[in-house]
Amino acid sequence: MIYRMGAALTSLLGLFVSAYLYLYKIGRIGTLACGSGDCETVQTSPWSRFLGVDVALIGLLGYAVLLVVALLALRSSQVERRPPALLLTGLAAGGVLFTAYLTYLELFVLHAICRWCVGSAAMIVTILILGLLELRRLRAGLA
Amino acid sequence: MAASPVGMKRFYGLLAAVAVVGIGLLGYQLSKPATVSIPANVQVGVKDTAGFHGYVKGVASAPVEITEYADYQCPFCQTFATLQMPTIEERLIKTGRLRWRYRDFPLQQHPFSRVAAHSAACADDQGKYWDQHQKIYDGQAEWAAARDAAPIFRQYAQANGLDLAKYDACMSGGIHAGRIQASYEEAVRVGVSSTPTLLVGGRLYQGRLDSDAITRLVDSLAPKTTSAK
């Protein structure tokens with residue numbers, strides 16, 4: 001249960017980070033709080049969109065889905081069930097793969113690192129790890 | 001193992017606290033006032049007009065000159081800039097038959113027109129006027145709906161490779177506000193009342209001329225010379 005709680009909390013944090021980046025992207029926020037200034041380089045690059053959609057919006061929707069799944073997985077009827085944990089872990093794994101692609105672009109194409117993106121990457125990896133730990137716990141419990 | 005009701009309560013309390021803090025921080029960011037404001041009706045000084053008569057595209061020897069009075073936030077100007085200008089540029093400007101002069105005529109009902117014009121003027125200081133001009137028109141749908149367009153223009157400036165420190169200083173100082181006002185006053189003097197308006201050979205063409213109509217106009221003023229076969 002603690003892993004599902006952690007995943008829900010981390011998803012909420014990720015949701016706010018993505019919302020912040022998306023509000024910047026659509027001009028609702030003046031400048032990003034980013035010491036090195038690389039955040040704007042990343043956010044204004046052609047790679048800040050994926051298949052015509054703002055990457056920050058994809059993140060926002062992704063974290064929202066993860067949050068909903070994590071909260072549903074915490075319901076008393078679901079808390080010992082494997083499918084919600086499996087869904088959460090699968091979604092997080094997809095998020096990690098997408099984040100890995102974006103991080104590759106930052107490091108090797110843009111040569112710029114956005115701290116908020118690094119924060120988001122840490123969060124999605126954390127959710128994946130929590131999902132895997134939850135799956136291990138369930139397996140141990142069922143064995 | 002299921003958590004106790006107290007444990008769940010604490011967890012939801014923590015989640016709610018994080019949500020409140022997050023919403024509060026985002027709300028604070030959203031409530032910040034507009035970053036840049038370019039005033040209208042500023043006093044036009046000598047520096048605003050001396051040696052500056054609009055942004056020019058095309059060779060000085062072109063037989064025909066068209067002056068466009070336009071507003072960055074006007075939808076018709078946007079359509080003209082994105083759909084007609086590429087053809088006009090290929091067909092007439094690049095072939096040396098036409099010189100294009102762009103002048104700002106920011107309409108009062110458009111809150112971001114002057115900021116847009118000023119952003120382009122600041123890009124001009126770094127030799128990137130037309131790049132910024134095009135990006136502003138291309139992105140009109142994006143910034144016209146924003147609460148504050150200036151950050152989006154700044155993104156365009158960055159994408160166009162401008163030195164952002166210089167750009168920011170230019171924008172926050174509003175140093176070209178007088179130039180924009182001078183352009184506006186000139187437009188009023190020659191009789192412009194809507195956008196886009198084209199001034200060709202002392203005559204005003206209001207409304208939506210397309211690239212074919214402009215080609216015919218240029219042909220009528222300076223017939224194309226063709227080599228005899």
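A residue is classed as buried if 20 or more other C-beta atoms lie within 10 Å of its own, as exposed if 12 or fewer do, and as partly exposed in between, with C-beta atoms placed from the backbone. The structure is a predicted model, in which local features need pLDDT of at least 70 and side-chain atom pairs count only at pLDDT 80 or more, while totals for chains, interfaces and linings use all residues. Residues are numbered from 1 along each chain as its sequence is written, and chains are lettered from A and ligands numbered from 1 in the order in which they are written.

Helices (H or I, at least four residues) and strands (E, at least two) are taken as DSSP runs and numbered from the N terminus. On this basis chain B has ten helices and five strands. Of the 229 residues in chain B, 37% are buried. Two residues are in contact if their C-beta atoms, placed from the backbone, lie within 7 Å. Among contacts in chain B between residues at least 6 apart in sequence, 81% join residues at least 24 apart.

Strand S3 (residues 98-104) of chain B has five of its seven residues buried, so it is largely enclosed by the rest of the structure. Strands are treated as paired if DSSP finds at least two bridges between them. S3(B) is joined to strand S1 (residues 55-57) of chain B by three bridges in the antiparallel sense, with Val56(B) bridged to Arg101(B). S2(B) pairs with S3(B) in the parallel sense over seven bridges, and Val64(B) has Leu98(B) as its bridge partner. Strand S2 (residues 64-70) of chain B also runs antiparallel to strand S4 (residues 197-200) of chain B, the two being joined by four bridges; here Glu68(B) is partnered by Leu198(B). S4(B) in turn pairs with strand S5 (residues 203-206) of chain B, antiparallel and over four bridges, one bridge linking Val200(B) to Arg203(B). S4(B) and S5(B) form a hairpin with two residues between them, and Gly201(B) in the turn has a positive phi of about 55°.

Helix H3 (residues 75-93) and helix H10 (residues 211-221) of chain B pack at an angle of about 30° with their axes 9 Å apart, the axes being lines fitted to C-alpha atoms over the stretch in contact and the angle running from 0 to 180 degrees between N-to-C directions. The crossing is right-handed, that is, the near helix is turned clockwise from the far one by less than a right angle. Gln84(B), Thr87(B), Ile88(B), Arg91(B) and Leu92(B) of H3(B) meet Ser211(B), Ile214(B), Thr215(B) and Val218(B) of H10(B).

Val44(B) lies in the loop between helix H1 (5-31) and helix H2 (46-49) of chain B. Val44(B) counts as partly exposed because it has 18 C-beta neighbours inside 10 Å. The C-alpha atoms of Val44(B) and Ala182(B) are separated by 6.0 Å, although the residues are 138 apart along the chain. Beyond four places in sequence, the contacts of Val44(B) include Gly178(B), Gln181(B) and Glu185(B).

In chain A, the 29 residues of helix H4 (residues 82-110) should span 42 Å at 1.5 Å a residue, which agrees with the 40 Å between its end C-alpha atoms; the expected span is 1.5 Å times one less than the number of residues. Buried residues of H4(A) include Leu88(A), Leu91(A), Thr99(A) and Glu106(A). His111(A), which follows H4(A), has a positive phi near 55°.
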